[in-house]
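I opened this entry to keep track of what I looked up, item by item. The structure goes in first.

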Amino acid sequence: MSFESVVASARSEGRTLLNEVEAKQTVIEAGVPATETRLATSADEARKHADELGYPVVLKIVSNDIAHKSDVGGVKLNLENGDQVAAAYDEIMANARKAEPNASIQGISVQKMAKPGTEVIVGMTTDPQFGPVMMFGLGGVMVEVMKDVAFRVVPLSDRDARQMITDIKGKAILDGVRGQPPADVSALANTILKVSEFVAAHPEVKELDLNPVLAYEDGAVAVDARIVIGEN
Ligand code: ADP
Ligand code: MG
């Protein structure tokens with residue numbers, strides 16, 4: 001499905017939030033490396049997707065009404081076979097229904113488990129004055145507690161994207177600490193630039209979050225994505 005048809009189907013359902021499956025498809029089409037993510041609406045279908053994608057896999061709740069999937073027990077990592085996938089499907093459904101009894105649930109997403117890397121966040125928000133603004137930061141507590149983030153107004157040059165990465169206070173973490181390899185700054189800059197180009201070309205996109213992107217010595221991959229579009 002193209003971005004235009006994803007937007008049309010969301011609007012026909014009165015939604016402004018694109019789910020993880022739709023958002024991943026969109027960013028992959030825009031040239032951003034992200035884990036291929038498929039929607040399952042039964043445990044059997046989840047098992048079939050996992051068999052095709054290859055193990056280990058990750059299962060996640062897909063619901064317009066659940067913003068933080070892990071908070072409701074809606075994410076199961078590192079599932080190694082079909083039986084674990086089927087059990088995780090049922091467990092996630094039960095957890096989500098218990099935590100959010102009134103949530104409308106679209107299904108459960110299936111994707112490959114990515115290898116461990118440094119978690120960073122690439123995002124876009126719409127500023128009432130400046131319009132689309134890109135955001136970059138380190139994942140987890142660094143963003144939530146330390147507010148260690150860099151911003152640039154869209155459109156960005158390659159130099160802007162690289163500067164955002166070196167601007168953050170926790171930059172040393174990306175240089176590699178305690179024997180950890182350094183993160184691939186070019187791959188991260190490429191992700192920032194591709195998102196920047198995509199949102200510049202699609203003014204209907206009001207927010208876009210890749211949280212987290214896993215940064216490696218060689219490459220980077222987004223494992224979670226959400227997009228908010230404007231109304232009408
Ligand atoms: P949410 O942010 O809604 O709680 P995420 O999709 O970000 O859910 O998943 C929670 C965490 O699980 C991520 O921050 C990441 O650490 C891990 N994770 C999610 N998807 C993958 C994946 N495909 N491979 C490896 N780790 C993952
Ligand atoms: Mg996330």
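Entry 1, domains. I am working from a predicted model. I looked up how the chain is divided and found domain 1 at 37-113 and domain 2 at 118-229. The C-alpha centres of domain 1 and domain 2 are 26 Å apart.

Entry 2, the sheet. I traced an open sheet of four strands, paired antiparallel in the order β2-β5-β3-β4. At its edges I have β2 (37-40) and β4 (75-79), each of which pairs on one side only. On average, and ignoring direction, neighbouring strands of this sheet are turned by 25 degrees against each other. I then checked β3 (residues 57-63) against β4 and noted antiparallel pairing over three bridges. In that pair, V57 stands opposite L79 in β4.

Which residues are the protein donors of the magnesium ion (ligand 2)? I found N211 (O) and D224 (OD), lying 2.2 Å from the ion. N211 is in strand β9 (residues 205-215) and D224 is in the loop between β10 (220-222) and β11 (225-229), so the pair ties together parts 13 residues apart in sequence. Buried or exposed, D224? I have D224 down as buried, because its relative accessible area is 18%, under the 20% cut-off. N211 is partly exposed, at 34%.

How values were computed
Residues are numbered from 1 along each chain as its sequence is written. Chains are lettered from A and ligands numbered from 1 in the order in which they are written. This is a predicted model: local features need pLDDT of at least 70, side-chain atom pairs count only at pLDDT 80 or more; totals for chains, interfaces and linings use all residues. Side-chain values use heavy atoms; hydrogens and water are left out. Donors are N, O and S atoms within 2.8 Å of the metal (3.2 Å for Na, K and Ca); water is not among the atoms, so sites may look incomplete. Buried means under 20% relative accessible area, exposed over 50%, partly exposed in between (1.4 Å probe, protein chains only). Domain bounds come from an automatic or database domain assignment. Two strands pair if DSSP finds at least two bridges between them. Axes are lines fitted to C-alpha atoms, for helices over the stretch in contact, and angles run from 0 to 180 degrees between N-to-C directions.
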